[in-house]
Amino acid sequence: MADNRKYYYLKLKEGFFESEEIKILESMKDGYIYSNILLKLYLRSLRNEGRLMYRNVIPYTPEILATLVGHQVGTVEKALEIFRNLELIEILDNGAIYMMDIQNFIGQSSTEADRQRAYYNRVKGEKALLQIPENGAEPMAALQGDLPAETKPEGKSKKAISNYSTDFEEFWSIYPRKVDKAQAYKKYKARLEDGFSHEQLLKAAKNYADQCRRDRTEDKYIKHGKTFLGESTPFLDYLPKNVPTACTETTNDDENPFRKE
């Protein structure tokens, strides 16, 4: 008799426990318990591709999760708080929990970046729908084409997320604060026109994100992307000093050689 059941599994890379987030997590008091809870949440979310919501309508409370993962409620509450600070999960206003790294471990696509991009847009789409006013007006994100195709109102133009380049989407997936994406993209393109490379901007974003995680910087103190990529080039502080940047000639050390006149 044929076995028609679906099986779900988690594919962890060999360096999973060497990642900065997991090392920080396990260095804490009860860190190995938190690591155990995280893996159990990953596994429980597989059936819904990283989203935790019972039957898609009932939020998982800490009390319910404590029963499911086999740990005390207080421990689960603390673990969820830490996971949020490390950006391992995002909890929406409707109680849905998204495991933010899950697309690195499941599914198939042409690239991991494609999977991660599609997943972030799914999260963004649900968040936008939660912001629909009571009068039924459509949220701005839907009107601007920011939602993935499956969540856009019927009859609206299905603008692809190709409003942004693939390189910028890679930059944005790493940048630690997701605010005002359109303006950040304008600044990103302007810096490319100045002569900076995508690799330099990506490296700067990664270094800045790493610093924010190490310092546990509150979200409100993290620079907006448009500021990080602004004309005053603050991102240069997060590039190695001995690496050539966009311009190599300068006559005054106090002047910024990358700023357009």
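Reply: Of the 261 residues in the protein chain, 38% count as buried, a term for a relative accessible area under 20%, with exposed meaning over 50% and partly exposed anything in between (1.4 Å probe, protein chains only). The model is predicted: local features need pLDDT of at least 70, side-chain atom pairs count only at pLDDT 80 or more, and totals for chains, interfaces and linings use all residues. Residues are numbered from 1 along each chain as its sequence is written, and side-chain values use heavy atoms, with hydrogens and water left out.

Along the sequence they follow the pattern α-α-β-α-α-β-β-α-α-α-α-α-α.

The salt bridges come next. Side chains of opposite charge can pair when their charged atoms come close. A salt bridge here is a side-chain nitrogen of Lys or Arg within 4 Å of a carboxyl oxygen of Asp or Glu, and by this rule there are eleven. One of them joins Glu18 to Lys23, with the closest N and O atoms 3.3 Å apart. Glu18 is exposed at 53% relative accessibility, while Lys23 is partly exposed at 46%.

Another salt bridge, at 2.9 Å from N to O, brings together the side chains of Arg191 and Asp194. Both residues belong to helix α8 (residues 181-194) and lie three residues apart, about one turn of the helix. An α-helix has 3.6 residues a turn, so residues three or four places apart point the same way. Arg191 is buried, its relative accessible area being 3%. Other residues of α8 are also buried, among them Lys181, Ala184, Tyr185 and Tyr188, and Asp194 is buried as well. Helix α8 has 14 residues and spans 20 Å from its first C-alpha to its last, close to the 20 Å expected at 1.5 Å a residue; the expected span is 1.5 Å times one less than the number of residues. Gly195 follows α8 and has a positive phi, near 115°.

Helix α9 (residues 198-215) holds both Asp210 and Lys206, which are four residues apart and therefore separated by about one helical turn. Their salt bridge has its closest N and O atoms 3.2 Å apart. Asp210 is buried at 10% relative accessibility, whereas Lys206 is partly exposed, at 41%. Salt bridges with shared partners join Glu20, Glu21, Lys206, Asp210 and Arg213 into one network.

The nonpolar surroundings follow. In soluble globular proteins, nonpolar side chains tend to be buried together. A nonpolar core is defined as a set of buried Ala, Val, Leu, Ile, Met, Phe, Trp, Tyr and Cys residues joined through side-chain atoms within 4.5 Å. The largest such core has 29 residues, and those with the most contacts inside it are Leu25, Leu38, Leu41, Tyr42, Phe83 and Met99. At least two residues of this core come from each of α1 (20-27), α2 (31-45), α3 (62-69), α4 (73-85) and β3. A second, separate core of 22 residues includes Ala204, Ala205, Tyr208 and Leu236. Leaving aside residues up to four places away in sequence, Phe83 touches Leu25, Tyr34, Ile37, Leu38, Leu41, Leu88 and Ile89, where contact means heavy atoms within 4.5 Å.

Ile89 stands opposite Met99 in β3. Strands pair when DSSP finds at least two bridges between them, and three bridges join β2 to the antiparallel strand β3 (residues 97-99). The three strands form an open antiparallel sheet in the order β1-β3-β2. β1 (51-52) and β2 (89-91) are at the edges with a single partner strand each, so one side of each has no neighbour in the sheet.

Aromatic rings remain. Rings of Phe, Tyr and Trp (its six-membered ring) pair if their centres lie within 6.5 Å; planes under 30 degrees apart count as stacked, over 60 as edge-to-face and the rest as tilted. The whole structure has 20 aromatic pairs. The rings of Phe16 and Phe17 are edge-to-face because their planes stand at 85°, with centres 4.9 Å apart. Phe16 is buried at 8% relative accessible area, and Phe17 is partly exposed at 38%. Ring pairs also link a cluster that includes Tyr185, Tyr188 and Tyr208.
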